[in-house]
Amino acid sequence: EKEVAAKLHIEEGDLVLISERLVTADGRPAIYCMDHIAEANTKEGYDIRLLKEPVFKFIEQCCEQEIYMDLTEIRAVAAGEDLAEILNVDRQAPLLYSREYYVDGILSHKVLRKKI
């Protein structure tokens, strides 16, 4: 997609790896996160299975870069059909969006992701 390519400083159509993660709170879906990584930033022979690990670990091991933190601005959007199913909420339910989707009422502020 054009927006992702621009943010990754790559050409549209270049291969992008996507890491998707669903985080629950007390068994209830709370956060759906999607991270995009330009394949051009990975080292040769990387193991795609490592995308199941936290994205910071994948980037450290497969891109040979260390990320200390990630600052995300969050805004409200309505849940579409796919996200409503993933997060087990009604279609059009309010979500907090930042390329990650947070169920409203659980988080309502800026999020700083940090490698632990």
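Trainee: What do strand 1 and strand 2 form, and how many residues lie between them?

Mentor: Strand 1 and strand 2 form a hairpin, with 2 residues between them. Asp-26 in the turn has a positive phi of about 55°. Keep in mind that this is a predicted model, where local features need pLDDT of at least 70, side-chain atom pairs count only at pLDDT 80 or more, and totals for chains, interfaces and linings use all residues. Residues are numbered from 1 along each chain as its sequence is written, and side-chain values use heavy atoms, with hydrogens and water left out.

Trainee: What makes strand 1 and strand 2 a pair?

Mentor: Two strands pair if DSSP finds at least two bridges between them. Here 10 bridges join strand 1 (residues 16–25) to strand 2 (residues 28–38). So they pair. They run antiparallel.

Trainee: Which residues in strand 2 face Arg-21 and Val-23?

Mentor: Cys-33 is the bridge partner of Arg-21. Val-23 stands opposite Ile-31.

Trainee: Why is Cys-33 called buried?

Mentor: Buried means under 20% relative accessible area, exposed over 50%, and partly exposed in between (1.4 Å probe, protein chains only). Cys-33 has 9%, so it is buried. Cys-33 is found in strand 2. Its C-alpha lies 5.6 Å from that of Glu-20, 13 residues apart in sequence.

Trainee: And why is Glu-1 called exposed?

Mentor: Glu-1 has a relative accessible area of 58%, so it is exposed. Glu-1 is found in the segment before helix 1. Glu-1 and Asp-14 are also 13 residues apart in sequence, with 9.7 Å between their C-alphas.

Trainee: How do you know that strand 2 is mostly covered?

Mentor: Count its residues: 8 of 11 are buried. Asp-35 in strand 2 has a relative accessible area of 14%, so Asp-35 is buried.

Trainee: What does Asp-35 touch, not counting residues up to four places away in sequence?

Mentor: Asp-35 touches Leu-17, Ile-18, Ser-19, Val-55 and Arg-113. Contact means heavy atoms within 4.5 Å.

Trainee: What makes a site a pocket, and what volume does the largest pocket have?

Mentor: On a 1 Å grid over the protein atoms alone, a pocket is an open set of points where a 1.4 Å probe fits, with protein on both sides within 12 Å along at least five of seven lines. The largest pocket has a volume of about 690 Å³. Of its 28 lining residues (an atom within 4 Å of a point), the closest to its centre are Leu-8, Asp-35, His-36, Asp-70 and Arg-113.

Trainee: Which elements give two or more residues to that lining?

Mentor: Helix 1 (2–8), strand 2, helix 2 (55–62) and strand 3 (69–72) do. Strand 2 gives the largest share, 5 residues.

Trainee: How many helices and strands does the protein chain have, and what makes a run count as one?

Mentor: Helices are DSSP runs of H or I, at least four residues; strands are runs of E, at least two; both are numbered from the N terminus. The protein chain has 3 helices and 7 strands. The order is α-β-β-α-β-β-α-β-β-β.

Trainee: What percentage of the protein chain is buried?

Mentor: Buried residues make up 34% of its 116 residues. Among contacts with a separation of 6 or more, 45% join residues 24 or more positions apart.

Note on methods
Grid points are joined across faces, edges and corners, and a volume is the space filled by probe spheres set on the points.
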